[in-house]
Amino acid sequence: MVGALVTATLLAGCATDVPRVPEITYEQAAKSELVATNYRAADALMAQFGGGPADGPLIVATVVNIDALDQSSTLGRLISEQVSARFSQRGFSMIEMKFRSAVYMKRGEGELVLTREINDVAKSNKAQAVIVGSYATAANGVYINMKIVQPGSNTVLSAYDYVLPANNEIRSMLGRNTGR
């Protein structure tokens, strides 16, 4: 009994000696470059895009894993949300796909829109274009490709590529809900 108590005490002492990663402050979190980087991507897409806010709404599909186009992650969904937010800030009407029951949605994957259905959704919403994207993971970075595509013809109207660092923050978002 005494031996078990000593062992438990020693193990408890060892557990507290494990170095903890310090929590970041609100100030440090506000300095995260992720939002600014995704906003720059949206701005670059808008700069190339021939359409404007008066030409009709846009649809944003979930950014997907390039190696498994039916899968995404927290990162892919967040990029889609931030790009949509930036277009909205710039005056574009954005169709919120999470509220549409007629569109294919896979639990845990976001608004993954099937190609054959996107034309119907775009037509019924009089959308001028669809924003799509994919990401590829590498050892030191996550490569993102974003495009604005014209429904019906699938013509790429605008495109932008960028890289996010494969740091702990990004890796943690890739590891959630990837469907693997």
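In the hairpin of β5 and β6, which leaves 4 residues between the strands, Gly152 adopts a positive phi near 90°. Helices (DSSP runs of H or I, at least four residues) and strands (runs of E, at least two) are numbered from the N terminus, and two strands pair if DSSP finds at least two bridges between them. The model is a predicted one, in which local features need pLDDT of at least 70 and side-chain atom pairs count only at pLDDT 80 or more, while totals for chains, interfaces and linings use all residues. Residues are numbered from 1 along each chain as its sequence is written, and side-chain values use heavy atoms, with hydrogens and water left out.

The protein contains 6 helices and 6 strands. Along the sequence these elements follow the pattern α-α-α-β-β-α-β-α-β-β-β-α. Of the 180 residues in the protein, 41% are buried, where buried means under 20% relative accessible area, exposed means over 50%, and partly exposed lies in between (1.4 Å probe, protein chains only). The protein exposes about 10600 Å², of which carbon and sulfur atoms supply 56%; the accessible areas come from the Shrake-Rupley method with a 1.4 Å probe, and for residues only the protein chains shown count as cover. Contacts (heavy atoms within 4.5 Å) were also examined by sequence separation. Among those between residues at least 6 apart in sequence, 67% join residues at least 24 apart.

Strand β4 (residues 129–137) pairs with strand β1 (residues 58–60) in the parallel sense through 3 bridges, and Ile59 has Val130 of β4 as its bridge partner. Strand β2 (residues 64–65) also runs parallel to β4, joined to β4 by 2 bridges; here Val64 is partnered by Ser134. The pairing of β4 with strand β5 (residues 141–150) is antiparallel and extends over 8 bridges. A hairpin connects β4 to β5 through 3 residues. Within this pairing, Val132 has Lys147 of β5 as its bridge partner, and Tyr135 stands opposite Ile144.

Strand β5 is in turn joined by 10 bridges to strand β6 (residues 155–165), with the two running antiparallel. Lys147 is bridged to Ala159 in β6, and Val142 to Leu164. Because 7 of its 10 residues are buried, β5 is largely enclosed by the rest of the structure. In a regular strand the side chains alternate between the two faces of the sheet.

Ile144 is located in β5 and counts as buried because its relative accessibility is 2%. Leaving aside residues up to four places away in sequence, Ile144 touches Ile79, Ser134, Tyr135, Tyr160, Asp161, Tyr162 and Leu164. The C-alpha atoms of Ile144 and Gly76 are separated by 9.3 Å, although the two residues are 68 residues apart along the chain.

Backbone phi values were also considered. Most residues other than glycine have a negative phi, and most peptide bonds are trans. Lys126, which is not a glycine, has a positive phi of about 55°. Lys126 lies in the loop between α5 (115–124) and β4, and its relative accessibility of 68% places it in the exposed class. Asn154 is not a glycine either and has a positive phi of about 60°. Asn154 belongs to the loop between β5 and β6; with a relative accessible area of 44%, Asn154 is partly exposed.

Pockets were identified on a 1 Å grid over the protein atoms alone: a pocket is an open set of points with protein on both sides within 12 Å along at least five of seven lines, whereas a cavity is a set of points where a 1.4 Å probe fits but cannot get out, and lining residues have an atom within 4 Å of a point. The second largest pocket has a volume of about 190 Å³, a volume being the space filled by probe spheres set on the grid points, which are joined across faces, edges and corners. Ile24, Gln28, Ala29, Ser32 and Glu169 line this second largest pocket. By class, its lining divides into 2 nonpolar, 2 polar and 1 charged, where Ala, Val, Leu, Ile, Met, Phe, Trp, Tyr, Cys and Pro count as nonpolar, Asp, Glu, Lys and Arg as charged, and the others, Gly among them, as polar.
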